[in-house]
Amino acid sequence: MPPKMQDLFRTETTHVDEVNRRASMSRQWLLEQRNKPGDHPISVDNHLAFHICASHAFPHIVADMQAAKKSIDIICWGFDPGMELLPRKDGEWPRSLTYGDLLRQIGEQKIVTVRLLLWLAEGRSPSAWAGRMAHNLYGHPHWGKTGKSDPNIIRAKFCEQWWDDALNGRIPNLHVRYRAGDPAAVEASLIDEAQKLTVVEKGGLKNVSTHHQKPILIDYELPEQAIGYVMGLNSTTDYWDTPEHAYNDFRRGHASEGGADKHNPALRLKPFRDYAIRVRGHTLHCLNRNFVTAWDRAPRNADPFPETGNLQLLRQAIAPASFVLPSGAERQLAQIVRTQPEEGDKTIQEAYWLATSQARNYVYIENQYFQYAEWAVHLKDMRRRYAKGMRDAGCSTDVPNLYVFIVIPEAERANMVPRTYDTVAELGQGHTMATYDAAVQKQRKLMPAPEVPGQLDFMQYALPVIGPLNVLRAGRSAAHADVIASAARKQVSKADLDEMGLKVLIAKLYTQDPESEKCREIYIHSKLMIIDDVFVTLGSANMNLRSMAVDSEININCVHHNFAKDARRRVWGNLAGEDLDGGDGSALHIQQTHGDWMNKMKDNAAIVKGKPGRIEDFITTYSDPRGTSLTNVRLAKVPAVDDKATA
């Protein structure tokens with residue numbers, strides 16, 4: 001179940017002034033109850049750098065890898081040897097240095113040990129099937145030969161040859177290990193989750209768990225120069241883009257090089273949005289702990305150069321205090337949080353709950369999957385408590401508004417529509433998914449009112465899934481069961497949100513062809529949250545149950561005014577225009593920016609729908625026209641048979 005707040009808050013003793021009856025205390029942003037030596041420690045001695053999009057992040061990663069003296073540790077959801085990393089030329093592949101060639105060049109120096117840890121489930125398991133559909137290891141022999149069917153045969157042959165060399169010891173100093181999900185650990189992680197999961201959904205979560213982390217750690221053995229990265233960026237080519245998100249950037253490559261845009265199959269790969277944080281300092285100790293425990297736990301049968309011994313033991317003498325920052329570097333308070341079922345770690349979920357409870361001015365979320373209604377319920381519960389506390393204390397002014405900015409893409413597949421709807425509807429935005437919302441409203445009229453508001457048990461009406469065709473008893477379709485489940489939730493009105501002081505907008509991103517009025521959605525792969533110019537979390541975790549309890553994930557949390565404010569201004573300025581970057585972050589500027597965003601979103605949405613004109617920047621009003629279908633079973637993230645998964 002979602003975390004219990006009393007388990008997250010620290011206890012604090014403070015003095016109440018007897019004259020003015022006031023007390024001062026600091027707000028808690030980080031998980032102080034999880035602050036243990038070697039396990040989620042909180043450190044102030046960190047220097048972080050924020051990078052927008054792969055085109056900005058990967059050149060830094062390349063430079064840091066090329067300067068390595070001892071080791072490079074990489075964890076991937078997927079790895080594409082043919083991904084180009086440096087500024088790309090306008091032309092055909094290869095447009096710059098590829099990831100495969102970079103690791104080959106480093107290995108051939110015979111100085112640096114490269115360790116590559118990949119998500120890969122072998123055999124005939126559901127997880128192995130999902131991995132093949134995800135196609136996350138381009139050219140890997142596990143997926144079969146691709147050259148004959150791939151129109152870019154040169155690229156396909158390069159990837160196949162690279163993997164053949166890597167797995168047969170022809171790339172010196174390159175160690176490869178695979179890891180698959182642990183169904184028993186996932187089942188244990190899901191025991192306390194309050195959601196009512198269908199049989200199909202629970203099976204999908206348990207048997208198709210993935211390893212979704214993407215950190216990099218360089219030269220951990222040399223603390224004075226060690227560097228790390230925490231990011232959402234995958235190491236596959238379709239995640240490469242620039243902050244300009246050009247409509248049809250030829251540098252993004254052909255559809256055959258990644259996940260094709262099914263709405264624009266004739267164009268180059270779709271525009272992609274994501275981030276990375278470069279890390280120096282004490283927090284690298286936590287990145288190492290995450291890597292070595294996973295590396296030592298992984299089977300060694302794929303490693304062409306089997307290592308002896310235990311990597312965790314080999315590095316245990318390196319203390320956090322060894323990681324000294326350069327003179328004059330600004331320092332940020334940081335904490336690494338994870339989802340790791342094998343270790344019972346769900347601190348990413350706890351961090352979201354704790355930080356949300358502290359929000360007073362604004363919350364900004366940019367995420368690939370906004371499918372966690374429990375978080376929206378938690379946000380509202382915190383606002384109710386805050387408003388009640390203000391009133392009980394005799395506050396003579398209105399409760400200050402909390403401005404919520406949500407930036408998400410249309411749900412990747414139809415089976416994600418119901419969970420997305422439930423989440424946006426909890427924030428009073430169900431109307432943005434008009435077709436599905438109409439089905440829900442129609443169903444509500446057919447259902448009796450619950451004895452306790454909001455407590456209608458949809459399982460009275462949606463019976464368990466039976467058989468492979470998802471045929472429900474009494475002839476109910478799986479799609480209808482989803483609508484019933486959504487209709488059983490309490491409807492949230494604008495008045496409900498106003499009472500809590502919640503002002504919510506939900507946006508998606510579009511870019512426009514400079515030579516016509518055609519528009520194209522920018523796919524948001526980001527996993528970013530910024531609160532009140534104080535708190536930032538970034539990493540691999542999506543806003544769904546899968547990332548909070550099932551898949552391995554890693555985020556970095558930072559508490560630092562300058563870092564958070566700079567990130568907010570850069571992100572908002574890029575997406576909405578420099579005049580709508582939130583200014584100094586004051587309540588007045590955030591209020592104005594929130595309203596200006598909604599006006600620009602509305603104007604841009606009209607153009608996306610066909611009104612003549614040019615969209616300004618990227619933000620448009622969120623909408624999703626899809627309704628119910630037999631593919632709408634809430635599978636969380638199981639790839640459709642005819643779809644390439646995007647993690």
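Keep in mind that the model is predicted. The mean pLDDT of the protein chain is 88, and 90% of its residues reach 70 or more. Two stretches are another story. Over residues 451-476 the pLDDT stays under 50, and the model gives this stretch 37 contacts beyond four places in sequence. Residues 631-647 also have a pLDDT below 50, with 76 contacts beyond near neighbours in sequence.

**The sheet**

Let's start with an open sheet of 7 strands, which has mixed pairing and runs in the order β1-β8-β6-β5-β2-β3-β4. At its edges sit β1 (46-52) and β4 (174-179), each of which pairs on one side only. On average, and ignoring direction, neighbouring strands are turned by 15° against each other. Further in, β2 (residues 71-76) and β3 pair in the parallel sense over 6 bridges. One example of a bridge here joins D73 to R115 in β3. Helix α17 (residues 561-576) packs on the sheet and touches β1 and β8 (275-281). The direction of α17 makes about 5° with that of β1.

**A helix with a buried side**

Now for α4 (residues 126-134), where S127, A128, A130, G131 and A134 are buried. On which side of α4 do they lie? They are on the same side, because they cover an arc of only 160° around the axis. The cover over these buried residues includes β3 (113-119), a strand of the sheet, and α7 (199-207).

In soluble globular proteins, nonpolar side chains tend to be buried together. Here, the largest nonpolar core has 58 residues. Helix α10 (residues 347-358) gives the most to this core, with 6 residues. Y352, V363, F370, W375, M529, I531 and F535 are the residues with the most contacts inside the core. Take W375: leaving out residues up to four places away in sequence, W375 touches Y352, W353, T356, V363, I365, F370, L427 and M543. There is also a second, separate core of 48 residues, which includes A507, I554, V571 and W572.

Which residues does L8 meet, leaving aside its neighbours within four places in sequence? The list is P3, Q28, L31, Q33, R34, E350, W353 and L354. L8 itself is found in helix α1 (residues 5-8). The C-alpha atoms of L8 and A351 are separated by 8.8 Å, although these residues are 343 residues apart along the chain.

S552 is found in the loop between α16 (545-550) and β22 (553-559). Apart from neighbours within four places in sequence, S552 is in contact with R179, T210, H211, H212, Q213, T339 and Q340.

Both residues count as buried, since buried means under 20% relative accessible area. Here are their values:

| Residue | Relative accessible area |
|---|---|
| L8 | 1% |
| S552 | 1% |

Notes: Residues are numbered from 1 along each chain as its sequence is written. This is a predicted model: local features need pLDDT of at least 70, side-chain atom pairs count only at pLDDT 80 or more; totals for chains, interfaces and linings use all residues. Side-chain values use heavy atoms; hydrogens and water are left out. A nonpolar core is a set of buried Ala, Val, Leu, Ile, Met, Phe, Trp, Tyr and Cys residues joined through side-chain atoms within 4.5 Å. Buried means under 20% relative accessible area, exposed over 50%, partly exposed in between (1.4 Å probe, protein chains only). Helices (H or I, at least four residues) and strands (E, at least two) are DSSP runs, numbered from the N terminus. Contact means heavy atoms within 4.5 Å. pLDDT is the predictor's confidence in each residue, from 0 to 100. The arc is that of the directions from the helix axis to the C-beta atoms. Two strands pair if DSSP finds at least two bridges between them. Axes are lines fitted to C-alpha atoms, for helices over the stretch in contact, and angles run from 0 to 180 degrees between N-to-C directions.
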